Amino acid sequence: MGDLYTKPQAKAGSIRRGLSPNVWSLVPITEISNGGLSEGYGLIDDFLSFNDESPWIVTNATAGTAALDDAKGGVLLLDSASSTDGQGVQVQLGGATGSESFIPSSVSKIYLEARIKVADIGTSGSDTCDMFIGLAEVDTTVIASGANTTANHVGFEHVDDDGAVDFHSEKAGTRSSETSLHTLSDGTYVKLGLVIDGVSKITPYVNGVAKTAITTNVPIVEMTPSLVCQSAGTTDPIMHVDWIACYQVEQIAN
């Protein structure tokens, strides 16, 4: 694999289509993926195939579909399939009770990044979309009535009418936020990533560039990778998910 993940890039946070080195440079992805499970666990899903029952569980708010696009390299389409506010689709890894595998702890780091674009979002305000990308408790309604209803989550979110993507960490119902980290642009890919360092620091990344870290309200319960795309009214947004990666680096006791 060369040195792509052994050192950050000096002049750029992100490289082409792949994982951002500035996020992943310290993650032993190759070792874990080739049997070194003592160092941690995780996955990279490039969506070359998709089953809506396992490992990704699909749930809808009245409308919505999750299906592969006919695209080179694999792309998952999360189609809200509605222009009614609050209707759409979500997917969660695992899905059933007990399937949440990523748990922040003082002796671990959790890394997550996804490359996504949202199409058909209109040009302003409430014509965009409601979306979430990150880690959340297992919940069939991560976003409901234009708000994130899970008591524990970490991720990127857009549920208002300003076009800006915010970042939130919520622990047992109390939330910390960094706002306006990225502005949605119809049909344009962006890489959204995060690093949870122990239980006291979470750094968001946009296209491999670190943003201001959150140091409060880091959840300490089980979560799973989660993606949501819903209509905010007027338009029928479609989230294109090129890939998602999530790893927890931790030596788990026997």
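Which backbone oxygen does the side chain of His 158 reach, and at what distance? Hold that thought for a moment. One caution before we start: this is a predicted model.

Here is the answer. The side chain of His 158 reaches the backbone oxygen of Cys 129, at 2.5 Å. Where does His 158 sit? It is in strand β10, which runs over residues 153-158. Is it buried or exposed? Buried means under 20% relative accessible area. His 158 has 0% relative accessibility, so it counts as buried. Now look at who surrounds it.

Let's zoom out to the whole chain. How many helices and strands does the protein chain have? It has 2 helices and 17 strands. The radius of gyration is 17 Å, close to the 18 Å that the globule rule gives for 254 residues, so the chain is as compact as a globular protein of that length. Its C-alpha atoms fill a box of roughly 50 × 40 × 35 Å along the principal axes. Of the 254 residues, 50% count as buried.

Next, contacts along the sequence. Take contacts between residues at least 6 apart in sequence. Of these, 67% join residues at least 24 apart.

Ile 110 gives us a case to look at. It lies in strand β6, residues 109-119. Its relative accessibility is 0%, so Ile 110 is buried. Find Ile 196 on your screen. Ile 110 and Ile 196 are 86 residues apart in sequence, yet 4.9 Å apart in space, C-alpha to C-alpha. Beyond its neighbours within four places, Ile 110 has contacts that include Phe 102, Leu 135, Ile 196 and Tyr 247.

Now Glu 178. This residue is in strand β12, residues 174-183. At 23% relative accessibility, Glu 178 counts as partly exposed. Its contacts, again leaving aside neighbours within four places, are Asp 166, Phe 167, Thr 212, Ala 213 and Ile 214. How far is Glu 178 from Val 75 in space? The two are 103 residues apart in sequence and 29 Å apart, C-alpha to C-alpha.

Last stop: surface and charge. The accessible surface comes to about 10,800 Å², and 48% of that belongs to carbon and sulfur atoms. The chain carries 13 positive and 31 negative side chains. The centres of those two sets lie 14 Å apart.

Technical notes:
Residues numbered from 1 in each chain as written. Predicted model: local features only at pLDDT ≥ 70, side-chain atom pairs only at ≥ 80, totals over all residues. Heavy atoms only, no water. Helix = DSSP H or I, 4+ residues; strand = E, 2+ residues; numbered from the N terminus. Buried < 20%, exposed > 50% of the residue type's maximum accessible area, 1.4 Å probe, protein only. Polar contact = N/O pair within 3.5 Å; in protein donor to acceptor, adjacent residues only side chain to side chain. Rg over C-alpha atoms; globule rule 2.2 N^0.38 Å. Contact = heavy atoms within 4.5 Å. Areas by Shrake-Rupley, 256 points an atom, 1.4 Å probe, with all protein chains shown as cover. Lys, Arg positive; Asp, Glu negative; His and termini not counted. Charge placed at Lys NZ, Arg CZ, Asp CG, Glu CD.
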